[in-house]
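Work through the exercises below with the sequence and the model at hand. Each task is followed by a solution in steps.

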Amino acid sequence: MTNFKVLLLLCASMAVVVTSTNAAPPDTFALWQRGALRGANVMLAQCTVEDLRGLRGWGANLAEIPVLNVYSPVAPYEFKPENLAKLDQAVEAAEQAGLYVALTCREGPGRPDFERSHEIWRDAEAQEAYAKMWQEIASHYRGRASIVGYDLMCEPHPDDDASRPLGDWNALAQKITTAIRSVDQRTPILINSIGWAYPKQFAVLRPTGDTRTVYTVHFYDPHYYTHQKPGDHVIYPGFHVPGKGTNAWDKVTLESQFDVVRAFQKEYRVPIFVGEFGCARYATGADQWLGDQMDIYEKYRWAWAYWAFREWDVMNIERTADPADKTNHADTPLLRLFKKHFSKDREFFRSQ
């Protein structure tokens with residue numbers, strides 16, 4: 001073979017390599033449609049490259065990262081560039097670890113404490129600032145291949161304010177969607193139901209009409225089981241919730257809790273994301289409880305992220321069923337369970 005032919009072959013092989021590394025990234029909305037994203041909620045303190053590489057090493061492909069006060073939570077609701085910089089650092093760490101990112105707003109204008117704050121439902125200026133904040137975030141991250149979703153508000157719960165003129169979550173979600181789409185038409189938007197994003201409130205959730213929106217449910221019901229204290233000895237399957245009917249909880253009961261979500265999905269033909277779920281690690285039957293849930297999510301092709309990666313001791317899957325165990329282990333029954341489901345992941349973020 002002549003040297004010229006060898007050179008041609010080398011050039012051809014290099015062209016193949018270049019083509020493969022420059023392949024177009026997948027459509028992020030299609031990832032949600034296929035239920036191809038599985039991961040964990042990760043608080044900013046755990047958003048280090050080392051930690052996130054650990055999550056990626058289990059097979060996860062998604063980090064759900066909180067947006068915290070990119071705009072001030074109290075009037076005059078000014079932009080806080082230092083908080084956007086912290087978010088940038090977390091996103092960059094996830095990218096280096098090979099994870100996709102969903103950004104979930106937990107605190108912002110009118111919502112200094114996502115559990116207790118109700119100013120967002122009473123102050124028109126807070127709502128304007130909240131929408132403007134998301135517009136700023138979307139403009140900042142527009143086109144960034146790792147970002148697979150903007151989750152507008154974690155667990156909206158207007159409660160008694162729902163009857164107020166500003167208490168309509170459907171209207172506020174539409175307002176924020178419009179603000180985002182004025183600067184970013186592609187990145188998927190994620191919308192929780194009210195009532196802490198629990199399934200039954202999908203009955204009053206209304207689609208915005210945006211064709212790249214995913215609808216988000218959280219599930220910890222019933223707390224009687226998932227948030228039990230050590231020594232309560234509530235056992236799955238088979239437990240009954242006092243004063244809540246006679247049905248024993250098993251996989252059939254569990255799946256029935258999502259009937260309204262499934263009906264919403266079928267009626268509007270939209271993807272569903274289970275943005276939070278978890279269980280006390282010491283609850284008897286916790287492995288079956290969580291395994292049954294993930295089986296249900298896979299059945300309906302719902303993406304999911306558990307609560308939470310190295311954050312709350314009670315639901316830390318790296319610890320054993322012993323409530324006194326405060327050590328993260330490389331192998332536990334719950335970690336093995338999640339790794340089994342993470343093994344279904346086939347698509348991971350790769351920097352271009």
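**Exercise 1: charges over rings**

Task: find the ring over which the charged end of R56 sits, and give the distance from its centre.

Solution. The charged end of R56 sits over the ring of F348, 3.6 Å from the ring centre. The criterion is that NZ of Lys or CZ of Arg is within 6 Å of the ring centre and within 35 degrees of the ring normal. R106 lies over the face of F114, 4.3 Å from the ring centre.

The model is predicted: local features need pLDDT of at least 70, side-chain atom pairs count only at pLDDT 80 or more, and totals for chains, interfaces and linings use all residues. Residues are numbered from 1 along each chain as its sequence is written, and side-chain values use heavy atoms, with hydrogens and water left out.

**Exercise 2: the aromatic pairs of F342**

Task: classify the pairs that F342 forms with W304 and with F338.

Solution. A pair of aromatic rings is described by the distance of the centres and the angle of the planes. Rings of Phe, Tyr and Trp (its six-membered ring) pair if their centres lie within 6.5 Å; planes under 30 degrees apart are stacked, over 60 edge-to-face, and the rest tilted.

Step 1. The structure holds 32 aromatic pairs. In one of them, W304 and F342 are 5.4 Å apart centre to centre with 25° between the planes, hence stacked. This pair links distant parts of the chain, 38 residues apart: W304 is in strand β8 (residues 303-306) and F342 in helix α11 (residues 333-342). Helices (H or I, at least four residues) and strands (E, at least two) are DSSP runs numbered from the N terminus.

Step 2. F338 and F342 have centres 6.2 Å apart and planes at 50°, a tilted pair. Both lie in helix α11, four residues apart, about one turn of the helix.

Step 3. W304 and F342 are both buried. F338 counts as buried because its relative accessible area is 1%, where buried means under 20%, exposed over 50% and partly exposed in between (1.4 Å probe, protein chains only).

**Exercise 3: the whole chain**

Task: how many helices and strands does the protein have, and what share of its residues is buried?

Solution. Step 1. There are 11 helices and eight strands.

Step 2. Buried residues make up 53% of the 352 residues.

Step 3. The C-alpha atoms fill a box of roughly 85 × 50 × 40 Å, taken along the principal axes.
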